[in-house]
Amino acid sequence: MKPRIFVPALTAAQRQQLQEGLRAAEAFTVRRCPILLASADGGSPTALARQLRCSARTVRNAVHAFAREGLACLREKSSRPVTVRPFLDERYTDPLKDLLHHSPRLFGKPTSLWTLDLVAAVCHDKGWTPRPLTREAIRVALKRLGIRWRRAKHWITSPDPSYARKKKPATA
């Protein structure tokens, strides 16, 4: 049989703070306070979930948070991960620069100009990233690594002597 999950007997000060939390401005606090008050009165998570119209997991999360943090569990925490490590870090600066100086055709791509989507696909194919990244993620990674990215349309040249004249838009 599973151990019963509940909030132990509350002190008068704790009960008063939970009662005040029922009128708080933050929805998170307003949602947690009745769960904790009802749990302290002896309800099971399943019965409380039915009574408060939430899931049993929500009740258990609130009770476990109260056991860990006390009344500090009434403030919503950040949902951001504690540690964030970029997929393309400094180890890939030189390999990425080298990659971008070769034609995508060498990697089995049907074009000779790099796009951010092609860079993402090749990085994934080479095992540098666990999944294909978005073009925005590749753009941010290149910028962070100090690799300049400009569309070929803006810098590509041609051996044709008339290229510059042909490239300029016609004026009326």
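Author: Helices α6 and α7 are roughly perpendicular to each other, a label that covers angles of 65 to 115 degrees (under 35 is roughly parallel, over 145 roughly antiparallel, the rest oblique). Their axes are 8 Å apart and the packing angle is about 85°; axes here are lines fitted to C-alpha atoms, for helices over the stretch in contact, with angles running from 0 to 180 degrees between N-to-C directions. On the α6 side the contact uses Leu116, Asp117, Val119 and Ala120, and on the α7 side Arg135, Ile138, Arg139 and Leu142, contact being heavy atoms within 4.5 Å. Sorted by class, that makes 5 nonpolar and 3 charged residues, with no polar ones. The classes go like this: Ala, Val, Leu, Ile, Met, Phe, Trp, Tyr, Cys and Pro are nonpolar, Asp, Glu, Lys and Arg charged, and the others, Gly among them, polar.

A word on what you're looking at: it's a predicted model, so local features need pLDDT of at least 70 and side-chain atom pairs count only at pLDDT 80 or more, while totals for chains, interfaces and linings use all residues. Residues are numbered from 1 along each chain as its sequence is written, and side-chain values use heavy atoms, leaving out hydrogens and water.

Buried means under 20%, exposed over 50%, and partly exposed in between (1.4 Å probe, protein chains only).

Asp125 pairs with Lys109, with 3.5 Å between the closest N and O atoms. Asp125 belongs to α6 (residues 116-125) and Lys109 to the loop between α5 (93-100) and α6, so this pair ties together parts 16 residues apart in sequence. Asp125 is exposed, with a relative accessible area of 54%, whereas Lys109 is buried at 18%.

Asp89 is buried, at 12% relative accessible area, and Arg91 is exposed, at 54%. In α5 there's Thr93, which counts as buried at 14%. Setting aside residues up to four places away in sequence, Thr93 touches Leu145 and Ile147.

There's another crossing to set beside this one. Helices α2 (residues 27-40) and α4 (residues 56-69) have axes that come within 10 Å and cross at roughly 80°, so α2 and α4 are also roughly perpendicular to each other. Arg32, Ile35, Leu36 and Ser39 of α2 meet Thr58, Val59, Asn61, Ala62, Val63, Ala65 and Phe66 of α4. That contact splits into 7 nonpolar, 3 polar and 1 charged residue.

Arg23 lies in the loop between α1 (12-21) and α2 and is exposed, at 65%; its C-alpha atom is 9.5 Å from that of Cys33, 10 residues away along the chain. Arg53 lies in the loop between α3 (45-52) and α4, is exposed at 76%, and has a positive phi of about 55° although it isn't a glycine.

Stepping back, the chain has 9 helices and 0 strands, where helices (H or I, at least four residues) and strands (E, at least two) are DSSP runs numbered from the N terminus. Of its 172 residues, 31% count as buried. Among contacts with a separation of 6 or more, 50% come from residues 24 or more positions apart. The whole structure holds 7 salt bridges, and Arg68, Glu69 and Lys77 are linked in a network of them. The accessible surface comes to about 12200 Å², with 55% belonging to carbon and sulfur atoms (Shrake-Rupley method, 1.4 Å probe; for residues, only the protein chains shown count as cover).

Terms used: A salt bridge is a side-chain nitrogen of Lys or Arg within 4 Å of a carboxyl oxygen of Asp or Glu.
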